[in-house]
Amino acid sequence: MIICRSANEIERMKAPNQLVATILAKLAAMVAPGVTTMDLDAQAEKWAREAGAEPAFKGYRGFPGTLCVSVNDEVVHGIPSSARVLKSGDIISIDMGVKLGGFYGDSAVTVPVGDVPAATTSLLKVTNESLARAIAQVQVGGRLSDIGHAVQQWVEAHGFSVVREFVGHGIGEALHEEPQIPNYGKPGRGPTLAEGMVLAIEPMVAMGRPETKVLKDGWTAVTRDGSLAAHFEHTVAVTKDGPLVLTAPAA
Ligand code: MG
Ligand code: MG
């Protein structure tokens, strides 16, 4: 069942989602050669707890971090480590969830470290734009699969590929609620979008082939061909006025 939330509940979902947006922006500004993925994680946890929030991923099925930090060919679910030192030319996906006031917020960004090649910049830009195009499909009366279709169309038109093994999700009083939101597919299928649904939309895009595998740590998903992967995520409410991006950075 897909839960439809009241205007009051959506209002209450702003706090955790805005907190994630604010922390992600600060983390993105911290990213530089020489910074470790654990440096980012420690700072994220500190900022979350100072705001009275609980890191959502830490302890989730045993995940050890506040952040998922996925570098280069890592697609999602990378584990923070003081041994992972960022260097110029890398890209890092930072995914963060928190619980605050009974509700969850979830968002992700991929940022370049120092100078990256033009093709890498293009991967980030196309993935982020695919998310924007997906969000534009979040309309009352639209269909769930319109979201993934928009991602796939944009990504494949630019020569990149959509990762299939991981999907977006409903979010609210649980981190992962129904429905699952694939980033590919034909339009006009699946549940009809209704006012009050809250969706975490998160395209994961590979520069090469889309297949992934999970490393021996049991978490880190990497592209099988070793190509770079990007990941952007926003939590979005369906309103009668269109999509309300709860994780949009404060203006
Ligand atoms: Mg996330
Ligand atoms: Mg998510």
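Two magnesium ions, ligand 1 and ligand 2, sit 3.1 Å apart, and Asp 106 coordinates both. The model is predicted. Asp 106 lies in strand β5 and His 169 in strand β7 (residues 168–170), so this pair ties together parts that are 63 residues apart in sequence. The points below start at the metal site, then move to the strands and the helices.

**Magnesium ion (ligand 2)**

- The ion is coordinated by Asp 106 (OD), His 169 (NE2), Glu 202 (OE) and Glu 233 (OE). These donors lie at 2.1 to 2.3 Å.
- Along the chain, the donors of ligand 2 follow the spacing D-x62-H-x32-E-x30-E.
- Asp 106 has a relative accessible area of 2%, so it counts as buried.
- His 169 is buried too, with a relative accessible area of 4%.

- Asp 95 belongs to strand β4 (residues 91–100) and Asp 106 to strand β5 (residues 103–112). The two are eleven residues apart.
- Both Asp 95 and Asp 106 are buried.

**Strand β4 and its partners**

- Nine of the ten residues of β4 are buried, so the strand is largely enclosed by the rest of the structure.
- β4 and β5 run antiparallel and are joined by ten bridges. In this pairing, Leu 100 stands opposite Phe 103 of β5.
- The hairpin of β4 and β5 has two residues between the strands. Gly 101 in this hairpin takes a positive phi near 60 degrees.
- Strand β2 (residues 67–71) also runs antiparallel to β4, with five bridges between them. Val 71 has Ile 92 of β4 as its bridge partner.
- Strand β1 (residues 54–55) pairs with β4 in the antiparallel sense over two bridges. Pro 55 has Val 98 of β4 as its bridge partner.
- Strands of a sheet pair through backbone hydrogen bonds, either parallel or antiparallel.

- Strand β7, which holds His 169, is part of an open sheet of five strands. The order is β8-β7-β9-β14-β15, with antiparallel pairing.
- β8 and β15 (242–245) stand at the edges. Each has a single partner strand, so one side of each is left without a neighbour in the sheet.
- Neighbouring strands of this sheet are turned by 30 degrees against each other on average, with direction ignored.
- Three bridges link β7 and β8, which run antiparallel. Gly 168 has Ile 181 of β8 as its bridge partner.

**Helix α4**

- α4 covers residues 144–157, a run of 14 residues. From its first C-alpha to its last it reaches 21 Å, close to the 20 Å expected at 1.5 Å a residue.
- Its buried residues are Leu 144, Ser 145, Asp 146, Ile 147, Gly 148, Ala 150, Val 151, Gln 152 and Val 155.
- The cover over these buried residues includes α3 (118–135), β6 (161–162), β8 (177–181), β9 (198–201) and β10 (204–206).
- An α-helix has 3.6 residues a turn, so residues three or four places apart point the same way.
- Gly 159 follows α4 and has a positive phi, near 85 degrees.

**Gln 152 in α4**

- Gln 152 lies in helix α4. Its relative accessible area is 16%, which is under the 20% cut-off, so Gln 152 counts as buried.
- Neighbours within four places in sequence aside, Gln 152 is in contact with Val 162, Arg 164, Asn 183, Tyr 184 and Gly 185.

**Helix α3**

- α3 has 18 residues, which should span 26 Å at 1.5 Å a residue. Its end C-alpha atoms are 26 Å apart, which agrees.
- Buried in α3 are Thr 120, Leu 123, Leu 124, Val 126, Thr 127, Ser 130, Leu 131, Ala 134 and Ile 135.
- α3 is among the elements that cover the buried residues of α4.

Notes:
Residues numbered from 1 in each chain as written. Chains lettered and ligands numbered in written order. Predicted model: local features only at pLDDT ≥ 70, side-chain atom pairs only at ≥ 80, totals over all residues. Heavy atoms only, no water. Helix = DSSP H or I, 4+ residues; strand = E, 2+ residues; numbered from the N terminus. Expected span 1.5 Å × (residues − 1). Buried < 20%, exposed > 50% of the residue type's maximum accessible area, 1.4 Å probe, protein only. Contact = heavy atoms within 4.5 Å. Pairing = 2+ DSSP bridges. Donors = N, O, S within 2.8 Å, 3.2 Å for Na, K, Ca; no water. Axes fitted to C-alpha atoms, helices over the stretch in contact; angles between N-to-C directions.
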